[in-house]
Amino acid sequence: MIFKQRIYLLAFLALFPSVIFAQAIVSEEETRSTTPEAHIFATFVKSFDHGLSLTIEEEIRSAPSHRSHTTLGLGYSPIEYLNIYAAYTVKVYGDQGWKDPNKYIRHRANILLTGQVKLGQWNLSLREGVMLDARADEIDKREKNAVDATLRSRLQVVYAIPETPLSIVGKFEILSTLNAPVDYINSLSPISNGSEYIAYSEASANKYGQYISELRPELGLQWKIDKKNSLTLAYRYNYIRSRDINVLDSGDAEITNKYTAKHLILLSYKLGW
C-alpha cells in the first residue's frame, strides 16, 4: 500500500509543473489603421472559339503596399450565362528587399465560377471561387500557413446608361478564410492573468475559428471607348481583418487582431481582341 502511495505521489509531482505552468495565450490586442492607396490595371483579353478566352493582366499597387501582380488566366463559357475562370498570379513585394526571392515573390491561384444574366440595361452577376496564396519563405506553422485558402464571393451590378458609352459598375465582395491557423492557439490555456496560468481543459479552451477577412464595396464608371477598348475609374472601400499570431520561445502566444480600412482609387484599362 505504501509503495502504491509513493508511486501516485511521484506521478503527481511529475505532472504538477505542466499543470501549473501550462502554455497559454498571454495577450490579445487590437490595432486599427486607415490608409489611402491607388491600383492601376492593364488587361488584355483574347477570345477564341468554343467559349474560350485568354487573359493577361498587370496590376501595380502604390504605397503602402508597394507591389505588383502579373496574372495569366484562362476562361471558358459553356453557355451564355456561365463562366469558369482559372488564373495564376505572380506577386512581387517591393517592401521586402531584393536579396531573397522567397520573401519578395509569392504565388496565387484563383478558380472562379460566375453566373450572369442581362435584363435590359442591367447586367447582374454572382461570382464564387477559391483563392490560394502560397509563400516559400521560412515560417512557423503554428503562426502562418505555407498556403492560405480563401473563399471569395462577389455580387456585381452593371447599368449601361442609354445612348452613351458609359456604364455604372457596382460591386460587393466578401473574402473569408478557409484554413487560418487555429489548432495551436486553441490548444493553449485561455488568456493568463499575469503569471497565473490556467490549466487547459475542454471547458475553458479558446475557440478560435475561421473569419471574414475582407469586405470590398466598390462603385465605378466605365467608358466603353469602342468594341475592344474600355476604361474604368472606381472607388473601393477595403475593410481588412487579420489575426496575427506570435509564438514566444516559451510556447506562449500573443495574438493581435489587425483591422485596416483602405480607401482605394482604381484605374483600369481593358483591351479585348
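How many bridges join β1 to strand β2, and do the two run parallel or antiparallel? In this predicted model, nine bridges link β1 to β2 (residues 52-61), and the two strands run antiparallel.

**The barrel**

Eleven strands close into a barrel, in the order β1-β2-β3-β4-β5-β6-β7-β8-β9-β10-β11, and the pairing is mixed. On average, neighbouring strands of this sheet are turned by 20° against each other, direction ignored. Strands of a sheet pair through backbone hydrogen bonds, in either a parallel or an antiparallel manner.

| Strand | Partner | Bridges | Direction |
|---|---|---|---|
| β1 (residues 25-47) | β11 (residues 253-272) | 20 bridges | parallel |
| β1 | β2 (residues 52-61) | nine bridges | antiparallel |
| β7 (residues 147-160) | β8 (residues 166-177) | eleven bridges | antiparallel |

I40 stands opposite L267 in β11, while A42 stands opposite E58 in β2. Y159 faces I168, a residue of β8. The hairpin of β1 and β2 has four residues between its strands, and H50 there takes a positive phi near 65°.

In soluble globular proteins, nonpolar side chains tend to be buried together. The largest nonpolar core here has ten residues: I25, V182, Y184, I185, L188, Y208, I245, V247, A253 and I255. At least two residues of this core come from each of α3 (183-187), β10 (229-247) and β11. One of the core residues is V182; residues up to four places away in sequence aside, V182 touches Y208, G209, Q210 and R243.

Terms used:
Residues are numbered from 1 along each chain as its sequence is written. This is a predicted model: local features need pLDDT of at least 70, side-chain atom pairs count only at pLDDT 80 or more; totals for chains, interfaces and linings use all residues. Side-chain values use heavy atoms; hydrogens and water are left out. Two strands pair if DSSP finds at least two bridges between them. Axes are lines fitted to C-alpha atoms, for helices over the stretch in contact, and angles run from 0 to 180 degrees between N-to-C directions. A nonpolar core is a set of buried Ala, Val, Leu, Ile, Met, Phe, Trp, Tyr and Cys residues joined through side-chain atoms within 4.5 Å. Buried means under 20% relative accessible area, exposed over 50%, partly exposed in between (1.4 Å probe, protein chains only). Contact means heavy atoms within 4.5 Å.
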